[in-house]
Amino acid sequence: MNTPLALSPDAQDLLFRDARTANAFSDEPVTDDQIAAIYDLVKYAPTAMNAQPLRIVIVRQGAARERLLKHVADGNRDKTANAPVVAILAADTEFHENLARTFPHFPGARNAFADDVAREQAARFNASLQIGYFLLGVRAAGLVAGPMGGFDANSLDDDFFAGGPLKSLLLVNIGKPGENAWYDRLPRLEQDEVVFTA
């Protein structure tokens with residue numbers, strides 16, 4: 001493995017300093033190849049015990065989008081209706097079934113998650129980590145993301161996942177920015193308010 005190098009300032013700007021949450025999207029489509037490019041980055045980011053519990057459901061226009069909109073809060077409905085793609089980001093609470101393949105050097109890994117409550121907590125925590133990576137992956141692929149927590153997760157899960165092991169955590173509108181896509185940048189806390197030395 002090569003020694004890591006710092007990203008160029010332009011790449012840092014793309015991912016962080018200049019990146020914004022989009023609230024409007026153009027009608028330019030998001031292709032399957034672009035979705036694949038996003039996931040090809042996201043899959044390499046770390047999770048505890050390489051659990052990888054994030055599941056991504058891509059919702060394009062049509063009947064599935066109409067179903068999705070029924071679960072979205074009023075303030076998010078129009079932009080969700082008009083985004084080229086919406087991703088439902090969910091945690092797979094049965095991620096442990098894959099551990100023999102994804103964490104093969106620990107034969108007992110699956111059994112470490114026998115408790116349903118602890119396993120769901122681990123799934124949600126690690127999928128939340130992956131959500132952060134996903135948003136950066138969208139930016140790295142040259143697209144913009146509009147993450148939204150304003151939806152009824154229980155009713156969405158009943159509709160899309162039929163009581164199965166997937167638990168929705170976030171919706172993300174994805175595409176190219178449209179007209180008036182950005183709100184003003186909100187303040188950030190300063191380093192001395194956040195970073196401390198033990």
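Let's start in the sheet. Strand 2 and strand 4 (residues 166-175) run antiparallel and are joined by 8 bridges. Strands here are DSSP E runs of at least two residues, helices are H or I runs of at least four, and both are numbered from the N terminus. Two strands count as paired if DSSP finds at least two bridges between them.

A word on the source. This is a predicted model, where local features need pLDDT of at least 70 and side-chain atom pairs count only at pLDDT 80 or more, while totals for chains, interfaces and linings use all residues. Residues are numbered from 1 along each chain as its sequence is written, and side-chain values use heavy atoms, with hydrogens and water left out.

Back to strand 2, residues 85-92. Ala-91 sits opposite Lys-167 of strand 4. Leu-89 faces Leu-170 in strand 4. Strands 1 and 2 pair antiparallel over 6 bridges.

How many residues of strand 2 are buried? The count is 8 of 8. Buried means under 20% relative accessible area, exposed over 50%, partly exposed in between, using a 1.4 Å probe and protein chains only. Val-85, Ala-87, Leu-89 and Ala-91 point one way. Val-86, Ile-88, Ala-90 and Asp-92 point the other way.

Axes are lines fitted to C-alpha atoms, for helices over the stretch in contact, and angles run from 0 to 180 degrees between N-to-C directions.

Next, helices on the sheet. Contact means heavy atoms within 4.5 Å.

Last, a helix pair. The axes of helix 2 (residues 32-42) and helix 6 (residues 116-140) come within 8 Å and cross at roughly 130 degrees. Helix 2 is therefore oblique to helix 6. Under 35 degrees is roughly parallel, over 145 roughly antiparallel, 65 to 115 roughly perpendicular, and the rest oblique. From helix 2, Ile-38, Leu-41 and Val-42 meet residues of helix 6, including Tyr-133 and Phe-134.
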